[in-house]
Every structure is written in structure tokens, then in C-alpha cells.
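Welcome! Please take a moment to look over the sequence and the structure shown here, and then let us walk through some of the details together.

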Amino acid sequence: MKTAEQVTFGGSGLDRAAHLRGDGEAQKRMSADPRARCLLLWRGKLLVEGERLERLAWVGPTHPLVTEGPGGEAETPIFLGLDENGAPLFAQDISAWGAEGQDLTGLGGFVDRSEQQHPDLPQGQVFAELRRIMTRLSPRDAELAATAKAVIGWHASHRFCARCGARSEIAQAGWQRGCPDCGGQHFPRTDPVVIMLITHGDQVLMGRSPGWPEGMYSLLAGFVEPGETLEAAVRREVLEEAGVPVGAVTYLSSQPWPFPASLMFGCAGEALSRNLTIDPVEIEDAIWVSRSDMMLAFAGEHPRLLPARKGAIAHFLLQNWLADTLD
């Protein structure tokens with residue numbers, strides 16, 4: 001696809017400067033750089049600002065919340081890379097903050113619309129859920145947000161060595177954990193997931209999971225298994241979930257998806273049948289949707305069907321399918 005990297009979280013060209021991650025002296029110099037900035041995260045939510053919460057908010061690396069404040073699983077700031085002017089960018093987890101007196105009712109919900117204001121930060125800078133604001137961010141802010149959220153989330157779930165169980169330690173400016181007991185080295189993981197635009201004539205296959213809002217459907221998706229190609233994963237997942245055999249499969253686009261740490265591989269597949277046999281363990285429902293009905297859904301005019309969530313690769317692929325721009 002000519003527009004493949006225009007999907008949310010993709011294509012901003014962030015300079016990750018990986019060669020600096022293991023250079024202790026370079027890390028010290030960057031931390032002392034007056035241009036350096038640090039992005040704060042709290043329980044997976046990012047510090048943002050603006051009238052519509054449309055941009056990331058930053059603090060200096062010497063801010064008390066970075067140097068002295070409540071920490072999270074990432075014990076030290078994570079080096080994200082360099083901005084377009086060469087200024088170093090970091091991320092710091094402050095999840096140990098108790099958020100006393102804040103609205104916490106939305107935490108962990110399907111859609112978290114709550115915002116948390118830290119008393120040591122300026123008014124207008126709040127912690128917000130990335131799913132809620134992802135389409136408002138610039139491509140660069142979106143890539144930085146996805147990177148920070150995924151790496152800090154990895155630290156939260158990989159505190160101990162997978163080989164011997166000992167507590168591991170941060171290394172490589174946050175891009176590695178090392179075990180002091182057995183010498184094991186562990187790196188941030190990314191889980192490959194296929195998401196499928198399965199068509200038969202002018203109809204596309206859509207499914208929904210239990211607990212989704214009424215009328216919400218999306219493209220079928222599933223994890224790639226060890227020893228499996230993307231094409232094989234597409235065919236297996238569609239057959240398992242909807243009972244539909246798939247013929248030719250082609251790759252379209254990818255999207256980092258930091259919920260918590262997936263890489264979505266968008267593929268197109270040609271269905272060999274429209275007969276559906278739904279596996280209720282995998283999905284709640286599956287339907288064939290015509291191009292005209294999908295156009296109504298995207299316009300918000302369909303009586304029953306909601307479009308896929310904006311910002312997700314499913315929405316991106318369907319939008320390009322409707323516009324005939326999948327090539």
C-alpha cells in the first residue's frame with residue numbers, strides 16, 4: 001500500500017539512536033542536556049496537554065517527579081531517542097503515585113474517559129488513556145507515546161528473570177533487563193498479530209467480541225503462532241473463528257499497537273465461501289457487510305452497525321477498501 005505508514009503510530013521516522021543506549025557517558029551527557037525532555041506515564045496513561053489533549057506534555061529530566069517522585073516498574077528514565085533537533089527524549093513511569101482525590105472510576109474500563117491531574121504539574125496537564133486521544137496526536141507524538149507505553153509496560157510485567165526467577169535489572173537505557181544471578185539477558189517483546197480484511201465480492205467479514213459496545217464490529221484478528229507464516233495465521237484464524245476458508249492472502253500494512261505490546265499485520269484475504277460457522281469461544285458474532293452498508297456505518301448513518309474504532313488499523317484498512325486505495 002502506498003499509504004501503509006500513514007496508519008496511527010506509524011511512519012514518523014523517530015531517530016531512536018540505539019547506538020547510544022549502551023554508552024553510559026553519552027547517557028549522562030544527554031540527561032544533563034538543557035534541551036532534554038521527559039514524558040511521564042502513570043498506570044499506562046500518558047501526560048498530555050492542549051485544549052483537546054492533542055499533544056504530549058513534557059517535563060525536564062531534573063523535575064522532582066523524575067528524580068525524586070514516586071516511581072514505577074521502570075526504575076530509571078527510558079531513553080526514547082532524539083527529536084528533530086537532536087534533543088534527547090526520555091520516559092519515566094510514576095505509577096506509584098496514589099492519585100489521592102482523583103477520579104479513578106474509568107481505570108481498566110473498555111473506554112477510560114477519566115483524567116488525573118498531579119498536584120506538582122501545571123493545570124491543563126493531565127494523564128489520559130492513549131486509546132482515547134490517539135487520533136488527535138501528531139504522527140511523532142503518537143510514535144513516542146506508543147514506544148513509551150509499550151516499553152514501560154514490558155518492564156512492569158518482566159521484573160524477574162525468566163530463566164532463574166531472580167530480580168532483574170534495567171540495562172541499555174531501558175531497552176534490556178539483565179539478571180545478576182544467572183546472566184540472562186531479556187529484551188522488550190512484541191507479539192505479532194494478524195488482522196484480516198476478508199472479502200467475498202463486495203462484502204467484507206466483520207466480527208465482534210463479548211463485551212463490546214452494541215453495534216461495534218471490527219475485522220477478525222489473532223496472534224501468530226510459533227512456526228507459522230502470516231498467510232497461514234490468516235487462514236487458520238478466520239477458519240477457527242468464523243468457519244470461512246480463505247484462499248489468496250496478501251500483506252497490506254502494519255501498526256504498532258501498545259495495548260500492551262503487539263505489532264498488527266494487516267492482510268487482505270479472499271474468502272472461498274460466505275458460509276459462517278461461528279466459534280462462540282473465540283468471538284460473539286460474525287457477519288458479512290456490504291460496501292454500501294459499510295459506507296453508511298462510516299458516515300454514522302447505519303441503523304445498527306458502528307464503524308471500527310478510529311485510529312485502529314481495522315478502521316484504516318476498511319477506509320482504504322471503501323476508497324479503492326489498497327494497492
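## A pair of strands

Let us begin with two partners: strand 5 and strand 6 (residues 88-93) run antiparallel to each other and are paired over 4 bridges. Keep in mind that this is a predicted model. Across the pairing, F79 has F90 in strand 6 as its bridge partner. The two strands form a hairpin with 5 residues between them, and in this hairpin G86 adopts a positive phi near 85°.

Strand 5 (residues 78-82) is mostly covered, with 5 of its 5 residues buried.

## How the protein is divided

The protein is split into domain 1 (2-157), domain 2 (161-187) and domain 3 (189-321). If you take the centres over C-alpha atoms, domain 2 and domain 3 are separated by 37 Å.

## Salt bridges across the chain

Side chains of opposite charge can pair when their charged atoms come close. In the whole structure, a search finds 15 salt bridges.

One of them joins the side chains of E143 and R16, at 3.1 Å from N to O. This pair links distant parts of the chain, 127 residues apart: E143 sits in helix 4 (residues 139-157), while R16 sits in the segment before helix 1 (24-32). E143 is buried, at a relative accessible area of 9%, whereas R16 is partly exposed, at 30%.

Another salt bridge brings together the side chains of R208 and E284, at 2.7 Å from N to O. Because R208 belongs to strand 12 (residues 203-208) and E284 to the loop between strand 15 (262-271) and strand 16 (285-290), the pair ties together parts that are 76 residues apart in sequence. Are these two residues buried or partly exposed? R208 is buried, with a relative accessible area of 8%, and E284 counts as partly exposed, at 42% relative accessibility.

E225 counts as partly exposed, at 42% relative accessibility, while R236 is buried, with a relative accessible area of 16%.

Notes. Residues numbered from 1 in each chain as written. Predicted model: local features only at pLDDT ≥ 70, side-chain atom pairs only at ≥ 80, totals over all residues. Heavy atoms only, no water. Buried < 20%, exposed > 50% of the residue type's maximum accessible area, 1.4 Å probe, protein only. Pairing = 2+ DSSP bridges. Domains from an automatic or database assignment. Salt bridge = Lys/Arg side-chain N within 4 Å of Asp/Glu carboxyl O.
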